[in-house]
Amino acid sequence: MHTDIWTMEICEQAEAFVDRDDDLVFDHTRLILRRDNEYLYARADWRILDLHPSAADISQLKRNKIPMENIWPLMDPSFTAAPDPLPPNCYVKQPSLLYYSETPASLEPARLVLAEIEACEVLQKHPHPNIVQYFGCVTMDGKGGCAIDGLDEFEGDEVDHWKLSRDLQSSTTQAKNIKLCVNSRPQIPLVQSFAKDLNYQIGIYELTRKDITKFSAAMFEKDPNFQRIKDSYEDLVIEIVNASDGVFL
């Protein structure tokens with residue numbers, strides 16, 4: 001028996017009935033299984049009241065994994081994040097997966113979750129004593145990244161670049177699960193802010209140098225006047241590559 005079966009738990013179950021000779025007859029039991037943060041669905045021929053299924057029983061079932069992105073929507077930065085820890089006596093609502101795969105709409109419970117969050121965000125701006133209080137969204141594996149290209153092209157002088165660097169650092173410090181990747185020429189404010197440690201620095205210009213060399217040489221060789229400069233064009237290629245600073249335009 002696979003050891004991972006022992007770590008599974010039944011988090012939802014329900015009996016399904018069919019109409020037979022004008023009577024409702026038991027057909028199967030629908031199970032939603034959970035292993036850590038992974039969800040699976042399965043069908044069983046036992047009745048809920050007749051059997052307390054063991055790991056051996058579950059191991060015999062055909063289990064189908066439910067993709068996480070179908071259950072939980074991505075956290076939109078505009079949504080309210082629930083406080084951590086959560087206030088006492090609050091309820092964390094989760095989508096029911098019992099009918100997953102039975103209809104096209106049931107394949108994307110994340111859409112329903114997203115629609116409800118959007119409604120709650122609106123209600124939060126217009127609270128009413130007879131409507132349940134919304135505290136925000138609980139995130140799981142809430143890690144993300146942001147890539148900024150051409151940061152050195154930000155308009156302004158060196159002081160503005162220092163301020164921009166501090167603002168970006170402050171934002172990523174507050175959002176602990178967000179990693180920032182910036183691409184820039186090696187200007188002092190940006191290098192000092194983001195690349196003091198060489199372990200966090202990648203010299204893109206070194207990675208593109210070979211390609212720029214090949215491209216520049218090929219363009220010279222295609223020129224109709226190439227024969228006139230063929231003895232010196234390699235020096236021109238080196239000058240172009242050095243002047244490009246790794247920018248391949």
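Modeller: Happy to! A salt bridge here is a side-chain nitrogen of Lys or Arg within 4 Å of a carboxyl oxygen of Asp or Glu. By that rule, this predicted model has nine salt bridges. The reasoning behind the rule is that side chains of opposite charge can pair when their charged atoms come close.

Let's start with R35, whose partner is E38; their closest N and O atoms lie 2.1 Å apart. To place these residues, remember that buried means under 20% relative accessible area and exposed means over 50%, with partly exposed in between. R35 has 16% relative accessibility, so it counts as buried. E38 is buried too, because its relative accessible area is 18%.

E38 has another partner: its side chain meets that of K65 in a salt bridge, with 3.2 Å from N to O. This pair links distant parts of the chain, as K65 sits in strand 4 (residues 64–66) and E38 in strand 3 (residues 38–44), 27 residues apart. K65 has a relative accessible area of 55%, so this lysine is exposed, whereas E38 is buried at 18%.

Now for another pair, E116 and K93, whose side chains meet in a salt bridge at 2.7 Å, N to O. E116 belongs to helix 3 and K93 to the loop between helix 2 and helix 3, so their pairing ties together parts that are 23 residues apart in sequence. E116 is partly exposed because its relative accessible area is 36%. K93, at 54%, is exposed.

With a relative accessibility of 35%, E108 counts as partly exposed.

T29 has 0% relative accessibility, so it counts as buried. Its side chain reaches the backbone oxygen of W46 at 2.5 Å. Beyond its neighbours within four places in sequence, T29 is in contact with A14, E15, A42, R43, A44, W46, R47 and I48.

Helix 8 spans residues 233–244 and reaches 16 Å from its first C-alpha to its last, close to the 16 Å expected. Its buried residues include Y233, V237, V241 and S244. Down the helix axis, the buried residues fall within an arc of 85°, so they line one face of helix 8. The face turned away from that buried side carries E239 and A243, which are exposed. Just after helix 8 comes D245, with a positive phi of about 55°.

Definitions and conventions: Residues are numbered from 1 along each chain as its sequence is written. This is a predicted model: local features need pLDDT of at least 70, side-chain atom pairs count only at pLDDT 80 or more; totals for chains, interfaces and linings use all residues. Side-chain values use heavy atoms; hydrogens and water are left out. Helices (H or I, at least four residues) and strands (E, at least two) are DSSP runs, numbered from the N terminus. The expected span of a helix is 1.5 Å times one less than its number of residues. Buried means under 20% relative accessible area, exposed over 50%, partly exposed in between (1.4 Å probe, protein chains only). The arc is that of the directions from the helix axis to the C-beta atoms. A polar contact is a pair of N or O atoms within 3.5 Å; within protein, one must be able to donate a hydrogen and the other to accept it, and residues adjacent in sequence count only if both atoms are side-chain atoms. Contact means heavy atoms within 4.5 Å.
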